[in-house]
Amino acid sequence: MANRHAAALIVAAGRGVRAGEGTPKQYRPLGGRPLLAYSIASFKAAGITDIQVVIHADDIALYKEAAADAGLPAPVFGGESRQESVRNGLAGLKARAPDLVLIHDAARPFADAGLIQRVLDALQTHDGAIPAIAVTDTLKRGEKGLIRETVARDNLYQAQTPQGFNYAAICLAHERARGTAMTDDAAVGEAAGLKVALVEGAATNIKVTSAEDFVRAEKMLSERTSTRVAMGFDVHRFMPGDHVFLCGVRIAHDAALEGHSDADAGLHAITDALLGCIGAGDIGTHFPPSDERWRGAASHLFLAHAATLVRDKGGAVEHVDVTLICERPKIGPHRAAMTERIAEILYIETERVSVKATTSERLGFTGRGEGLAAQAVCTVRLPVR
Ligand code: MG
């Protein structure tokens, strides 16, 4: 029974926009990463390397962003219903012939390795196993705002995911269940006569659906993290030209900024601050000016790289505050565009980005217009290990 090949099937094909905004909830940011990225990381942390994600065909770009560094096989497209999406996902695993499959909802970001292992352990002796929590609240059946009856809560459980099954058995069960509408895969298995075990779920294995759930999930995340703050500083000299790049925005100007890359002092300062938060050197360590590859490079590449390094450590960017110091160009008209661009590069909400500007009262090199400077302070949350 040992060393059986277990694959994870993450179902992320829903249109669930209930949590607000246009982006389906499985791609909405949680602690600076798309919700889906957490499920992928959960299985990896539990030693499951064969991970198949089922997505909606409209979400390819969002998926690529969410799973960019995960090295997963191409996603499978879902169907009209969750059940059909799971069926497509199971078919997608066929060539890899897993012995076991763990079917998981992308909306549950906090399935821990212990919980996943309990499901796998139960599959040694059962066709299926699901994590569940015993119901402790008294249950009422209601009708038109009135209680009709009190339901005995003995032997009642709340089902969670991942739900694990013998792969061949659940494939067959899903074939038989075509045309029905069941709310989880255990129900599909039960209908086919599978013996499905209940294992201990976790209160932290919450389903993130509403906007309130996202707030709660953010809070849960922050309780397991330490906060780091670091600063960055950069200066570039003006030279003849007709535009500058500042905080990722092209601004027409009667001078240009001199530098090896596009000389975006704003993004350089933020990049250094982020690298400072994780003790990963500075921008020159990662992108040496001596390297021809970075000649004229767009600085969003530098910032995106620093953000990737933060994410690789399981970290999230909490806040970015950048101050541009110059007499000209005027920053005010571009502030909103800069804020949005920085948020986009870092994959965080715009509320987490602050762009400020000041002159130096015509004093010093910035005051004389010889160059401009940028200062940034970044706050990053890292997991407590
Ligand atoms: Mg620089």
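Rings of Phe, Tyr and Trp, the last taken by its six-membered ring, form a pair if their centres lie within 6.5 Å. The structure considered here is a predicted model. In this model, ring pairs link F287, W294 and F302 into a cluster.

**Aromatic pairs**

By the rule above, the count comes to four aromatic pairs. Two of them are set out in the table.

| Pair | Centre to centre | Angle between planes | Arrangement |
|---|---|---|---|
| Y38 and F110 | 6.3 Å | 80° | edge-to-face |
| F287 and W294 | 4.8 Å | 85° | edge-to-face |

Planes over 60 degrees apart count as edge-to-face, and the planes of F287 and W294 stand at 85°, so this pair is edge-to-face. Both F287 and W294 are buried.

In the other pair of the table, Y38 belongs to helix α1 (residues 35-45), while F110 lies in the loop between β6 (100-105) and α4 (113-122); the pair therefore ties together parts that are 72 residues apart in sequence. Y38 has a relative accessibility of 8% and so counts as buried. F110 is likewise buried, since its relative accessible area is 5%.

**Helices α3 and α5**

Helix α3 (residues 82-92) and helix α5 (residues 167-176) have axes that come within 10 Å and cross at roughly 140°. The two helices are therefore oblique to each other. The crossing in which α3 passes α5 is left-handed. On the side of α3, the contact is made by Q83, V86, R87 and L90, and on the side of α5 by Y167, I170, C171, H174 and E175. The residues of this contact comprise five nonpolar, two polar and two charged.

Terms used. Residues numbered from 1 in each chain as written. Predicted model: local features only at pLDDT ≥ 70, side-chain atom pairs only at ≥ 80, totals over all residues. Heavy atoms only, no water. Axes fitted to C-alpha atoms, helices over the stretch in contact; angles between N-to-C directions. Helix = DSSP H or I, 4+ residues; strand = E, 2+ residues; numbered from the N terminus. Parallel < 35°, antiparallel > 145°, perpendicular 65-115°, else oblique. Left-handed = near helix turned anticlockwise from the far one by under 90°. Contact = heavy atoms within 4.5 Å. Nonpolar A, V, L, I, M, F, W, Y, C, P; charged D, E, K, R; others polar. Phe/Tyr/Trp six-rings, centres within 6.5 Å; stacked < 30°, edge-to-face > 60°. Buried < 20%, exposed > 50% of the residue type's maximum accessible area, 1.4 Å probe, protein only.
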